[in-house]
Amino acid sequence: MGRKAKVLSEKIVDDEYIDKRLVGYYSTPDFISEYIKDRLIEIKGDGKELLDPCCGREEMVLPFLREDIKSDGIDLIRYKNEYSCNFLNTDFIKFYYDKINEGSNFNGLKYDYYILNPPYNCHEVEYIRKNKDILRHVFNDVGTSNMYSMFISAVIDLAKDGAVIGIITQDSFLSSKTYKKLRKKILEKCSIHEITMCPTDLFLKQGADVRTSILILQKGLDYQRNIKINNRCLSTKDFKNKLLDSDKQLYSLNEVILDSKKDNNEFIIECPSDIKELFNLPRVEDKFKCISGISTGNDKKYLSIEKIEPFVVPFYKNPGKDKFFTNKEIYLDRNFLDIEKIKPNFIVRNKEYLYKSGIICSSMGVQFTACVLPINSTFGVNSCIICDEEDKYWLLAYLNSNLVTYIVRGILIRSNMITSGYVSRIPVLNFSKEIKDELSSLGKVAYLYSKENKDINLFLEGINRIINKEAKLSSKSILYINEFKKELIRLT
Ligand SMILES: C[S@@+](CC[C@H](N)C(=O)[O-])C[C@H]1O[C@@H](n2cnc3c(N)ncnc32)[C@H](O)[C@@H]1O
């Protein structure tokens with residue numbers, strides 16, 4: 001626990017005093033707490049006791065108390081004098097550790113329901129850093145990257161068979177490789193009842209621009225039925241209506257998991273079946289080298305926006321929103337290979353591919369785009385596909401299509417940076433020579449137009465038409481990916 005958090009835990013904290021970033025405090029809106037209560041009771045009607053391991057001001061607990069469900073709440077911080085639940089002022093991670101070490105035949109706690117909106121930000125980073133060794137030991141199965149994943153893992157371990165777990169949390173766990181082990185644990189230990197993605201504006205009023213989802217699990221594998229799935233909608237207003245809608249979108253477990261050997265059991269939300277099928281095709285990595293390049297450890301020192309000695313080697317970082325052509329060329333110190341030898345933070349990856357031409361992809365931000373990487377250039381940690389001249393333009397056209405935007409941002413990685421590990425798993429359609437030629441010509445003119453800052457939408461339309469046809473997408477799927485592309489930021 002950080003010094004400030006320690007001080008906080010010793011007193012009752014009022015609203016003005018609380019540093020949200022410090023404790024990761026974002027209140028669950030009432031309608032979400034009500035919804036989770038209704039769903040948990042719908043799944044298990046006879047439950048009598050509940051635990052919220054990070055109950056805060058009891059936002060999630062109160063609806064259960066109104067149903068006369070005996071409720072225990074834990075929190076590192078005491079936020080008020082009087083609690084309606086049975087409150088325990090302690091560190092839940094410590095509580096968990098003590099419980100699982102109580103005896104060898106631990107069969108789970110008494111609770112029928114668990115509810116949690118676990119902490120997930122800066123303070124936790126400090127918490128994790130300070131307690132790294134012990135946490136690594138306790139969470140050796142799922143890792144220690146985030147408090148929320150440790151909380152979910154701990155609750156799964158503590159739950160008895162049949163207990164129902166209602167969670168609202170940051171949803172990087174859906175697709176990020178970091179949470180592969182958490183997904184594995186969920187799939188091995190729990191039945192999944194629901195994954196509902198929340199709109200991006202849900203916590204905005206509280207100052208958090210965070211992507212969250214509701215996840216409803218039940219301990220044990222015998223309870224798996226079809227899963228209620230809701231993709232992200234555009235606003236909280238639409239979301240409220242969606243939750244009221246009794247028409248459930250039900251999917252089999254198989255439809256919700258990307259489970260081929262190359263993938264990482266990503267939880268995929270409303271992925272049309274004709275697009276999921278494409279994951280049986282070869283991937284970018286089966287056809288091309290997909291790599292990341294140089295991290296300088298100190299960009300200010302080793303990179304320059306002006307071409308001035310010794311900064312003369314063209315260097316590309318993130319092409320951002322640019323498509324086909326990017327002018328975001330900066331310059332790297334010509335002595336970079338010598339610098340690497342003396343500076344441990346300066347890393348030149350994949351030296352054998354230095355100065356080759358290829359395609360450079362965006363890494364930061366929600367957009368996914370691809371641009372030409374000119375020959376004799378270098379590039380940063382964003383992903384780069386090394387390819388010959390003859391493959392460059394059809395591949396460029398494909399990577400800038402709506403289908404690939406959806407594959408990357410709707411399936412492979414809905415959060416975080418798009419590193420080469422994700423780009424290398426993009427399925428590549430089996431284009432004939434004629435189609436490659438057609439795409440190449442469109443890719444080439446789009447590149448030239450883009451270089452002159454002219455509108456390329458017409459070419460993109462042509463590219464999308466060819467690719468949707470080649471992928472044999474239904475008109476419903478085409479509409480779906482087009483909508484996704486149109487509202488990329490709010491729907492990702
Ligand atoms: C996102 S808030 C949720 C608060 C409330 N339950 C809600 O749903 O609105 C996360 C809560 O976790 C608590 N917390 C952070 N670290 C904790 C820990 N190690 N053990 C128990 N509670 C913790 C914070 O004090 C905060 O109340």
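Tutor: Let's start with one side chain: M364 has a relative accessible area of 47%, so it counts as partly exposed. The scale runs like this: buried is under 20% relative accessible area, exposed is over 50%, and partly exposed is in between, using a 1.4 Å probe and protein chains only. Before we go on, this is a predicted model, where local features need pLDDT of at least 70 and side-chain atom pairs count only at pLDDT 80 or more, while totals for chains, interfaces and linings use all residues. Residues are numbered from 1 along each chain as its sequence is written, and side-chain values use heavy atoms, leaving out hydrogens and water.

Student: Where is M364 found?

Tutor: In the loop between β18 (358-361) and β19 (370-373). Those labels are DSSP runs numbered from the N terminus, with helices being H or I of at least four residues and strands being E of at least two.

Student: Which residues make the nonpolar surface patch with M364?

Tutor: First the rule: patch members have over 30% relative accessible area and no salt bridge, with like charges joined within 9 Å and nonpolar side chains (Val, Leu, Ile, Met, Phe, Trp, Tyr) within 5 Å. The areas themselves are Shrake-Rupley values with a 1.4 Å probe, and for residues only the protein chains shown count as cover. Here, M364, V381 and M417 make a patch of about 240 Å².

Student: Now strands. Why is β15 described as largely enclosed?

Tutor: Because five of the six residues in β15 (residues 311-316) are buried, the rest of the structure largely encloses this strand.

Student: Which strands does β15 pair with, and in what sense?

Tutor: Pairing takes at least two DSSP bridges between two strands. With β16 (residues 329-333), β15 has five bridges and runs antiparallel. With β20 (residues 378-379), β15 has two bridges and runs parallel.

Student: Which residues other than glycine have a positive phi?

Tutor: Two to look at are N376, with phi near 65 degrees, and N453, also with phi near 65 degrees. N376 lies in the loop between β19 and β20 and is partly exposed at 48% relative accessible area. N453 is in the loop between α19 and α20, and at 73% relative accessibility N453 counts as exposed.

Student: Which residues of α19 are buried, and what covers them?

Tutor: The buried ones are I435, L439, S440, L442, G443, A446, Y447 and S450. Cover is judged by contact, meaning heavy atoms within 4.5 Å, and here it includes β19, α16 (389-399) and α20 (457-470).

Student: Last topic, then. How many salt bridges are there?

Tutor: The test is a side-chain nitrogen of Lys or Arg within 4 Å of a carboxyl oxygen of Asp or Glu. By this rule there are 32. One of them joins D98 to K94, 3.2 Å from N to O. An α-helix has 3.6 residues a turn, so residues three or four places apart point the same way. Both D98 and K94 lie in α5 (residues 92-100), four residues apart, about one turn of the helix. D98 is partly exposed at 38%, and K94 is partly exposed at 49%.

Student: What about D263 and R283: buried or exposed?

Tutor: Both are buried. Their salt bridge has its closest N and O atoms 2.8 Å apart. This pair links distant parts of the chain, 20 residues apart: D263 is in the loop between β10 (257-258) and β11 (266-267), and R283 is in the loop between α12 (273-276) and α13 (284-287).

Student: Which residues are linked in a network of salt bridges?

Tutor: E34, K37, D38, R66 and E67 form such a network.
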